Every structure is written in structure tokens, then in C-alpha cells.
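Here's a quick briefing to read with the model open beside you. Have a look at the fold first, then work through the notes below.

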Amino acid sequence: MEDVLGYEVLGNTALRWLLATATLLGTIALLFVVKRAVVRRLSRMSERTTTLYDDVLVKVLDRTSPVTIAGAGLAAGARVLDLPGETDLWVGRALVVVLCVQLGRWLTDSVQRVLDTKQDPDRPPGQKTAGAAASFVTNLVVWTVVILVVLSNFGVEVSTLIAGLGIGGVAAALAVQNVLGDLFSAFSIYVDRPFDLADFVVVGDYAGNVEKIGWRSTQLRSISGEMIVLANSDLAQSRIRNFKRMQERRVVVQFGVEYGTPAAKVEAMPKMIREVVEAVEGVRFDRAHFKGYGDSSLDFETVFYVLAPDYTIFMDRQQAFLLGIYRRFEEEGLSFAFPTRTMHLVREAGADESPGVDQPRLR
């Protein structure tokens, strides 16, 4: 038995390997037990409070990555072994990387959960956009710091690296200029807020509700259902029409009546049109005029405002106006004009005067 335990593998006896394995498994088991006990204890404490942050802390700790626990166990087991060269150093560096990533996940997950918990369907869209901006900035700052700490752990002079970015960063910036353009455009969107989440926007030939404002792109959900992905740099250079921020909608209606309508009725029509508009709930009358003489009609133009930005409400009230005008025309004996053409038949001099034969000419 002593011979078996004394057998060496990679410079360590079998006994040491058994102790390292036991240390690894024991550390992992202990950390899982400690994690479960801490989460259970904090969960009981949070049930007795009404604050948000203790609940978030419980959920974040409960989602601690098994990779982190396994890395800690592996580092503990490696301490028992006599590892050659700089193996111990690299194991320690690997553990630092795992812990830094886990810390970054804890921080970003905590912020995201706080923002998600505060989500309310009745919240103003501006607050939703501000929440998305806070999440965006938190992720950027946290993971930038994590990367710098990891590089420093591997012996990279971070201060020298940052100073060197002034020279070598020019070439890197040229290589990733599109990505950087989208990133800075995302900052511009968050600061200027040309639109918020859930706003209905039109960008060129594309239209839809804003679903997500990301680092590189913004996602729209079109009316027909498909997802439209637009680069943030394209959005920053485009003309954006934000329909959600409308306070009212302007309606222009044009129609014509037949030639031959008595002058008195033509003169009274603007007043009649105004009465029809003011009978519709939720609109503001602007003007109604006899606009001009058309090819086959006496043309009128009416302008009024629907006092709501919603498109369905806009269509309902425009429909109410059109039906009201139709009813008033029936009551007043007026007729809508439609395109007509009159043909005159003229007999040419010297034309064949045989019975039943006419020589038509269009004037």
C-alpha cells in the first residue's frame, strides 16, 4: 500500500494527488453548501422587508456561476500539489480571471434586475429609455474595468497600454471605425433621445415600434410583424419621424360639387362644413373654403385637427366627418361631382347628307 501511495505522477505522489482531489471536491462541496445557506438566510431576511435591493441581492447570489465555484476548488486543490515551473502562477492568474468575470456578472446582473423590477407598463417611455441607457453604460464601464484588471493580472502595463492607444489606437480605430461609429451613435441616441422605447418611428422606407436600442443597432418591429435592424450610425444620419410624440393630427379633406349648384348653396357650404366638423367629438376646426374651379367640379377644401395622436382615433374621427358631410349633402339635395366630359356633334359643310349619316367631330 505504501508503494502505491508513494508512486509518483508528474512529480507528485499518489497520496498528494488523492489529497488534491479531496481538497478540490471538498472545496466545491463546501462552497455550494455555503452559497445555499447564505442565500436561504438572506431570503428569509428579505421576506420581512419591503425593500427592493435585498431581493435583488438574493437572486444575484443564487445565480453564482458553477464555473466560479469549480475554479475556486481547482485552485485549492492545486495548492496541495508540487507543480513545476510557473504553473502555480498561471493557476492563480486563471482564478483571478474567473473571479473578475464573476464580479462583473454580479454587478451587471444587479443593475439589470433593479431596472427590470422597476419596469411598469405605465412608466413614461422616457424612463424606459433612461433605464436602457443606465444598463448600457453599466455594462460598458464594468466590463472595461474587468478587462483592464485581467490584463494587469497577466503582467500587462495598463498605463503604458492606455498611453500607447494614442498611437496604435489610430490604426485600431480605422480598422473598427464602423463599430466605433455605431457605439458613439448609441451614446448620441441615449443623450439626444430622438425616440424612446415603444415609440412608432419612420426612418426612410422603414417604419415600426422601437423594441431595443443596443450598442451596435436599434431594432424596430414593423406593422406587418417582422424585425427591422438598423445600424445606430445610419440612424444618427437619417431623418427620423417620431409619430408617438405627436400631440394632434392635421386632416385635410378635399371634395367637389357639381357645376350648376345654386350660388346660394355654394356660398353657404363653408358654414355647413364647419357645423359638421364641430359636431364631431375631439376635433378642432381650422378652416373651410371654396377652393377653386376644377375640370368637372366646384372644389372645396376643409382643414381640422384631431386632438389625439393615436392613428385609430384619427381614422374614427375622420370617418365621422365624412359620414356627416354625406348626410348633409343628402339633406340639402347636393351632389358630389365626378369626372365628366361633354361631346358635341357638328355637321361639316359639304358632308354626305345621306339619311342617317352624321359626321361627328369632337370639340
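Ile-213 lies in strand β4, where helices (H or I, at least four residues) and strands (E, at least two) are DSSP runs numbered from the N terminus. With 6% relative accessibility, Ile-213 counts as buried; buried means under 20% relative accessible area, exposed over 50%, and partly exposed in between (1.4 Å probe, protein chains only). Its C-alpha is 9.2 Å from that of Phe-136, 77 residues away along the chain.

Some ground rules: this is a predicted model, in which local features need pLDDT of at least 70 and side-chain atom pairs count only at pLDDT 80 or more, while totals for chains, interfaces and linings use all residues. Residues are numbered from 1 along each chain as its sequence is written, and side-chain values use heavy atoms, with hydrogens and water left out.

**The sheet around β4**

- Five strands make an open antiparallel sheet, in the order β6-β5-β4-β3-β7; two strands pair if DSSP finds at least two bridges between them.
- At the edges sit β6 (227–231) and β7 (240–242), each pairing on one side only.
- From one strand to the next, the twist averages 40°, with axes as lines fitted to C-alpha atoms (for helices over the stretch in contact) and angles running from 0 to 180 degrees between N-to-C directions.
- β4 (206–213) and β5 (217–221) are joined by four bridges in the antiparallel sense, and Val-210 stands opposite Leu-220 in β5.

**Asn-242 and its neighbours**

- Asn-242 has its place in strand β7 and is buried, at 17% relative accessible area.
- Which residues does Asn-242 touch, not counting those up to four places away in sequence? They are Pro-194, Phe-195, Asp-199, Phe-200 and Val-201, taking contact as heavy atoms within 4.5 Å.
- The side chain of Asn-242 makes a polar contact with the side chain of Asp-199 at 3.0 Å. Polar contacts are pairs of N or O atoms within 3.5 Å; within protein, one must be able to donate a hydrogen and the other to accept it, and residues adjacent in sequence count only if both atoms are side-chain atoms.
- A polar atom of the Asn-242 side chain also lies 3.0 Å from the backbone oxygen of Pro-194.

- Most residues other than glycine have a negative phi.
- Ala-198 is not a glycine, yet has a positive phi of about 80°.
- You'll find Ala-198 in the loop between α8 (177–192) and β3 (200–203), partly exposed at 35% relative accessible area.

**Helix α11**

- α11 (311–332) has 22 residues and reaches 32 Å from its first C-alpha to its last, close to the 32 Å expected at 1.5 Å a residue; the expected span is 1.5 Å times one less than the number of residues.
- Its buried residues are Phe-314, Gln-318, Phe-321, Gly-324, Ile-325, Arg-328 and Phe-329. They cover an arc of only 135° around the axis, so they are on the same side of α11; the arc is that of the directions from the helix axis to the C-beta atoms.
- That buried set packs against β8 (249–257), α10 (263–278) and β10 (298–306).
- Exposed Glu-330 and Glu-331 are on the face of α11 turned away from its buried side.
- At the start of α11, a side-chain oxygen of Asp-310 comes to within 3.0 Å of the backbone nitrogen of Thr-312.
- After α11 comes Gly-333, with a positive phi near 70°.

**Helix α2**

- The buried residues in α2 (14–47) are Ala-20, Thr-27, Ile-28, Val-39 and Ser-46, and they pack against α3 (53–62) and α4 (66–80).
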